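Please look over the sequence and the model shown here before reading the briefing that follows. The points are grouped by topic.

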Amino acid sequence: MNTPGFKQAPRPVTLEGHGVRLVPLSPDHAGGLRAAAADGELWNLRVTSVPEPDQTGSYIAQALKGRDDGHMLPFAVTDAASGAILGTTRYHDIVPAVARLEIGYTWYARSRQRTHVNTACKLLLLEHAFDALGAAVVGWRTDNYNHASQRAIERLGAHRDGVIRHHAPRRDGTVRDTVMYSLLAGEWPEVRAHLLYQLRRPRA
C-alpha cells in the first residue's frame, strides 16, 4: 500500500492573520531577532534555543541550511501592523513520504509572551499544514524541564506521545529528555474551533 504524501511540497510562504504575519526568515531579520531576544535576555533560558546576540547570524544561517536541505521552513514572526519582529518559529523534521512535519524552534520577545501572538501563530501554521499542505500529522517536541512549553502544547489539544530519554544536548552541556506530542489531521477541526474561540475572547 502506498503512503500518501503532502498535497503540495512545503515551500517558503507568508502567513497572515489575527494581528501577526509570518514571513520567510532571512539574514535581514538578524537585527530584529537580536532585539526581540534582548527583551527578556531570552538566551539565558536553559531550556530554549534562543541565540545569544553574537550568534544570531549563525542561527539564521543554520535555519536556512535546513530549508535548503528540505527539512525546515523557518519564519520570522512580525506584528502585522508595525512590521516589528516579535520572534521566530519554523516547520522542521519535514517528512514528505508520510506527510509529517513538526512545529518548533519557537520563541517570542518576553513582552509578547502570554498574549494572543502564540495562539495566532499556531493557528496559522496548523491551517497551512493541514489545509494547504495536506499534512497527516503535526508534531511538537520540547525539553522535559520546559513545563511552560508542555502546558502550551497541551492546551492546543495535542496528544502526548511519550518521552525520548537522553535525547539531545542543551547549551549548558547537559543532555535533555525530549517530550513528544502530535496532532492528527482528524483532530484538527476541533483544535481549530478551540483556537478561534481563544482568539475571539476579549483581551485583557
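**Charged pairs, cores and rings**

At 27% relative accessibility, Arg-112 counts as partly exposed, where buried stands for under 20% relative accessible area, exposed for over 50% and partly exposed for what lies in between (1.4 Å probe, protein chains only). This is a predicted model, in which local features need pLDDT of at least 70 and side-chain atom pairs count only at pLDDT 80 or more, while totals for chains, interfaces and linings use all residues. Residues are numbered from 1 along each chain as its sequence is written, and side-chain values use heavy atoms, with hydrogens and water left out.

**Salt bridges**

- A search of the whole structure finds 10 salt bridges, a salt bridge being a side-chain nitrogen of Lys or Arg within 4 Å of a carboxyl oxygen of Asp or Glu.
- Arg-112 forms one of them with Asp-79, with 3.7 Å between the closest N and O atoms; this pair links distant parts of the chain, since Arg-112 is in the loop between strand 5 (100-108) and helix 3 whereas Asp-79 is in strand 3 (residues 72-79), 33 residues apart.
- Helices (H or I, at least four residues) and strands (E, at least two) are DSSP runs, numbered from the N terminus.
- Asp-79 counts as buried, at 15% relative accessibility.
- The side chains of Asp-69 and Lys-65 meet in a salt bridge of 2.7 Å, N to O, and both residues lie in helix 2 (residues 56-69), four residues apart, which is about one turn of the helix.
- Asp-69 counts as partly exposed, at 47% relative accessibility.
- Asp-68 forms a salt bridge with Arg-67, in which the closest N and O atoms are 2.9 Å apart; Asp-68 counts as exposed at 56% relative accessibility, and Arg-67 as partly exposed at 32%.
- A network of salt bridges links Asp-93, Arg-100, Glu-102 and Arg-141.

**Nonpolar cores**

- The largest nonpolar core has 38 residues, and those with the most contacts inside it are Leu-22, Tyr-91, Leu-101, Leu-126, Val-138, Trp-140 and Trp-188.
- Helix 3 (residues 117-132) supplies the largest share of this core, with nine residues.
- A second, separate core of 17 residues includes Ala-30, Tyr-59, Ile-60 and Ala-63.
- A nonpolar core is a set of buried Ala, Val, Leu, Ile, Met, Phe, Trp, Tyr and Cys residues joined through side-chain atoms within 4.5 Å.
- Leaving aside its neighbours within four places in sequence, Trp-188 is in contact (heavy atoms within 4.5 Å) with Leu-123, Leu-126, Glu-127, Phe-130, Asp-131, Leu-183 and Leu-195.

**Aromatic pairs and charges over rings**

- The structure holds two aromatic pairs; rings of Phe, Tyr and Trp (its six-membered ring) pair if their centres lie within 6.5 Å, and planes under 30 degrees apart count as stacked, over 60 as edge-to-face and the rest as tilted.
- Phe-75 and Tyr-91 form an edge-to-face pair, at 5.8 Å centre to centre and with 80° between the planes.
- Because Phe-75 lies in strand 3 and Tyr-91 in strand 4 (residues 85-95), this pair ties together parts that are 16 residues apart in sequence.
- Phe-75 is buried, with a relative accessible area of 1%, and Tyr-91 counts as buried at 0% relative accessibility.
- Phe-130 and Trp-188 form a stacked pair, at 5.6 Å centre to centre and with 25° between the planes.
- Because Phe-130 lies in helix 3 and Trp-188 in helix 5 (residues 188-200), this pair ties together parts that are 58 residues apart in sequence.
- Phe-130 is buried with a relative accessible area of 8%, and Trp-188 counts as buried at 3% relative accessibility.
- The charged end of Arg-90 sits over the ring of Tyr-105, 3.9 Å from its centre, and Arg-90 also lies over the face of Tyr-59, at 5.3 Å from the ring centre; a charge sits over a ring if NZ of Lys or CZ of Arg is within 6 Å of the ring centre and within 35 degrees of the ring normal.

**Strand 8 and its partners**

- Seven of the 10 residues of strand 8 (residues 175-184) are buried, so this strand is largely enclosed by the rest of the structure.
- Strand 6 (residues 137-143) and strand 8 run antiparallel and are joined by seven bridges, with Gly-139 standing opposite Ser-182 in strand 8; two strands pair if DSSP finds at least two bridges between them.
- Strand 7 (residues 159-169) and strand 8 run antiparallel and are joined by seven bridges, and the bridge partner of Arg-160 in strand 8 is Tyr-181.
- Strand 7 and strand 8 form a hairpin with five residues between them, and Gly-173 in the turn has a positive phi of about 95°.
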